[in-house]
Amino acid sequence: MINKRKLTVLGAAIGIAPFLAVLFPAGLANAHGYVSSPPSRQAQCAQGTVSCGPIKYEPQSVEGPKGLRTCNGNLSQFADLNDDSKPWKVSTVGQSATFTWTNTARHSTSNWEYYIGSTRVGVVPGNNQQPGQTVTHTVNFGNITGRQKLLAIWNIADTANAFYSCVDLNIGGTPPTTTPAPTTTTTPPTTTTAPPTTTTPPTTTPPASRPWTAGTSYAAGNEVSYDGLRYICLQSHTAISGWEPPNTPALWQKI
């Protein structure tokens, strides 16, 4: 005899199976990941560096069939990732660069591929192993230089899907530098301090002394000459013979 309760549970399970099939279509990988360094386009969306749509909230979900060459994995809701006119931050690198994948869910891996245009510049085997939460790969770009859009692809081993991530690069470039404004040095005007002017009093040539003459009245301070010598009067007087300057030191002083 069939247990009615068991039939009820079985019926319910059969009834929800189509609903679960809609929620989880066949082949959808349970792994998710994206390139976080250098910052990929979806990483920049998540960080708010560039204004984007829904990808801002799930940068790890750019999943599509293997073999695509688009940044959005052909998912229309992530079309922002294909828009080259957006102000994507460009990372300046040398002729090789190291890329870091951030895996929010891990899954066995076939390989990782790196493309610039139609050229595959790198491939790393996954050996059907489950990767860690972060994976790093160093890719050599050969002789490719300049502004480039690199497409990184994570191929899942046991599904038909892959994850896609685009990174904008300036390969072999020089990081932009800010040229400092020239420093303006103001040279103060040269002030020449003139040495103090020394005023030299004009040389006064004393007037020629008058010859001493008897009968002449002299005042104190008068000068006379006598026998080629000069004398100054000490006392006022009237000269007489015998009172010549050499003979009267009380009246005259030789100068």
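User: Taking a disulfide as a pair of cysteine sulfur atoms within 2.5 Å, how many does a search of the whole structure find?
Analyst: The search turns up 2 disulfides. Keep in mind that this is a predicted model.

User: Okay, which cysteine does Cys 71 go with?
Analyst: Cys 71 is bonded to Cys 166, with an S to S distance of 2.1 Å.

User: And why is that one called left-handed?
Analyst: Because the torsion about the S-S bond of Cys 71 and Cys 166 is about -85°. This pair also links distant parts of the chain: Cys 71 is in the loop between β2 (63–65) and β3 (91–93), while Cys 166 is in strand β9 (residues 161–171), 95 residues apart.

User: Are Cys 71 and Cys 166 buried or exposed?
Analyst: Cys 71 and Cys 166 are both buried.

User: What about the disulfide at Cys 45?
Analyst: Cys 45 is joined to Cys 52, S to S 2.0 Å. That link is left-handed, with -65° about the S-S bond. Cys 45 and Cys 52 are both buried.

User: What pattern do the disulfides follow along the chain?
Analyst: Counting the bonded cysteines along the chain, the pattern is 1-2, 3-4.

User: While we're on cysteines, where does Cys 233 fall, buried or exposed?
Analyst: Cys 233 counts as buried, because its relative accessibility is 3% and the cut-off for buried is under 20%.

User: Switching to rings: how many aromatic pairs does the structure hold?
Analyst: There are 6 aromatic pairs. One of them is Trp 101 with Trp 154, where the centres are 6.1 Å apart and the planes sit at 65°, so the pair is edge-to-face.

User: Where in the chain are Trp 101 and Trp 154?
Analyst: Trp 101 is in strand β4 (residues 96–105) and Trp 154 is in strand β8 (residues 146–156). Trp 101 and Trp 154 are both buried.

User: What sort of pair do Trp 212 and Tyr 226 make?
Analyst: Trp 212 and Tyr 226 are edge-to-face as well, at 5.9 Å centre to centre and 85° between the planes. Trp 212 lies in the loop between β10 (210–211) and β11 (217–218) and Tyr 226 in strand β12 (residues 223–226), so the pair ties together parts that are 14 residues apart in sequence.

User: Which residues do ring pairs link into a cluster?
Analyst: Phe 99, Tyr 114 and Phe 141 are linked that way.

User: And what sits over the ring of Tyr 115?
Analyst: That's the charged end of Arg 69, 4.0 Å from the ring centre.

User: Let's zoom out. How many helices and strands are in the chain?
Analyst: The protein chain has 2 helices and 15 strands. It has 255 residues, and 34% of them count as buried.

User: What share of the contacts join residues at least 24 apart?
Analyst: It's 59%, taken among contacts between residues at least 6 apart in sequence.

User: Last one: what does the accessible surface come to?
Analyst: About 15600 Å² for the protein chain, with 56% of that belonging to carbon and sulfur atoms.

Note on methods:
Residues numbered from 1 in each chain as written. Predicted model: local features only at pLDDT ≥ 70, side-chain atom pairs only at ≥ 80, totals over all residues. Heavy atoms only, no water. Phe/Tyr/Trp six-rings, centres within 6.5 Å; stacked < 30°, edge-to-face > 60°. Helix = DSSP H or I, 4+ residues; strand = E, 2+ residues; numbered from the N terminus. Buried < 20%, exposed > 50% of the residue type's maximum accessible area, 1.4 Å probe, protein only. Lys NZ or Arg CZ within 6 Å of the ring centre and 35° of its normal. Contact = heavy atoms within 4.5 Å. Areas by Shrake-Rupley, 256 points an atom, 1.4 Å probe, with all protein chains shown as cover. Disulfide = S-S within 2.5 Å.
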